[in-house]
Amino acid sequence: MAESLQDAILIVGGGPSGLAAATALRRLGVPRVIVLEREPMAGGIPRHCGHYPFGLREYGRMMKGPDYARHLVRTAQEAGVEIRTQVTVTDLAPGPAVSVTGPSGPQVLAPRLVLLATGARETSRAARLLGGTKPGGVITTGTLQSMVYLHGQRPFRQPVILGTELVSFSAILTCRHLGIRPAAMIEPNGRTTARWPTALFPRLARVPLLLGTEITAIHGRDRVTSVSVRDTRGSRDIACDGVIVSGAFRPDAAVLQRSHLRIDPASGGPEIDQYGRCSDPDYFAAGNLLRAVETAGWSWREGWRMAQIMAEVLQRPLPDPSEDTITLNGDALAYCVPQRLAGSGGPSPLRGFQLRVNRAVKGTLVMRVDGQITTRKPVETLPERRILLPYPDTRNAGKIDITLDETA
Ligand SMILES: Cc1cc2nc3c(=O)[nH]c(=O)nc-3n(C[C@H](O)[C@H](O)[C@H](O)COP(=O)(O)OP(=O)(O)OC[C@H]3O[C@@H](n4cnc5c(N)ncnc54)[C@H](O)[C@@H]3O)c2cc1C
């Protein structure tokens, strides 16, 4: 039987976005806010990021990840948020009805509203289809950091890092913490994904940065012994004892995949409108579950603003949802969040469309509403970088399409 929590808002995921939303909801007077977190402690990914910089946007000071995570938890608890740890959400159903497993066994919870804030994860070696043998020592940055900072382990002495997103530089920092100098940082594109001045960091850390280079195979029996790489000059091997497959984040939408909620195949997260409302209007979503990947500060703010909308929904309904999704034209456009716009343009926790591209592009983004051009925006960008496009300035938006006209 379902436990009735009709006065409560349930939040799935105790990371920056979930905890920010929970704290704000309590401060806005919502009587009961419960955060469900599958780990033994709440705080999300920053719990195992033992480095700076966290907290600048939110608290105006620079913190290491674990301090930031503790601060988030403490602030939420002081606001009266109930945090239930070691509770994994396994299913979502209309009602809303949320199935969980935890220390007191399986349960179904029936709250008033649900916010999904389960974050994002890096793409594993298997999903990247990297060839070769299957030795130990091929891990994501997240796994590296939890091994190092939560369990005090030293997984290798001379790894290579695949990727040049912000998180890849975080992998260099973690290696430095262990006194390790990576054998190389490898990037298939011709430039780093993270912006300058971060791109200078490998040079400062004396890590060779190999741009326009692919890993074609990983070798080793029990442990990694080398990787084969290919660039314009041909193929060669690099000796190493580990591979950090960094970045290429995907929303952690496992629990949605079995649910009735619509998933956007392009972003990998739930399909939402500008209010963060899912295809079932009793469910909302915020943070990196929406689009991989943003910083903790960005996710925190999104959660905070989502709380304003959810608190309002308890008083009066939002405009009717629209069934029209935004159409994207141009093969370089990877996805757009939100995927739908519901009528009148009230405040949105998402502050406009967030777009991503799937390769380096230069051109103009053109937005049309019912065929009429409403916005043009020049862009020159790389994958994983955020592009913001303001919502069209019409109270009753019609069919929206966004086109990327590339310049040669
Ligand atoms: C290795 C690494 C380094 C980073 N370094 C930085 C940095 O230096 N600065 C910065 O600003 N950002 C950094 N980031 C990004 C930052 O961590 C994220 O932007 C932020 O954590 C996103 O917050 P979130 O709440 O959306 O998700 P998360 O922090 O991922 O939190 C989601 C939570 O949901 C829980 N959860 C998931 N599924 C379920 C379920 N079914 N049931 C119950 N609980 C569930 C998870 O256990 C997790 O605690 C880094 C990320 C990584 C991976």
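Colleague: Which residue of β21 does L333 stand opposite?

Modeller: This is a predicted model, where local features need pLDDT of at least 70, side-chain atom pairs count only at pLDDT 80 or more, and totals for chains, interfaces and linings use all residues. Residues are numbered from 1 along each chain as its sequence is written, and side-chain values use heavy atoms, leaving out hydrogens and water. Strands here are DSSP runs (E, at least two residues), numbered from the N terminus. β20 and β21 run antiparallel, joined by four bridges, and the residue opposite L333 is V357.

Colleague: Thanks! Which strands stand at the edges of the sheet?

Modeller: The open sheet has three strands in the order β20-β21-β24, with antiparallel pairing; two strands pair if DSSP finds at least two bridges between them. Each edge strand has a single partner, so one of its sides is left without a neighbour in the sheet. Those strands are β20 and β24.

Colleague: And at what angle do α1 and α9 pack?

Modeller: Helices are DSSP runs too (H or I, at least four residues). α1 covers residues 16–27 and α9 residues 296–315, with axes 7 Å apart. Angles run from 0 to 180 degrees between N-to-C directions, with axes fitted to C-alpha atoms over the stretch in contact. The packing angle is about 35°.

Colleague: Which residues make that contact on the α1 side?

Modeller: Contact means heavy atoms within 4.5 Å. On the α9 side, the partners include W300 and W304. On the α1 side, they are P16, S17, A20, A21, T23, A24, L25 and R27.
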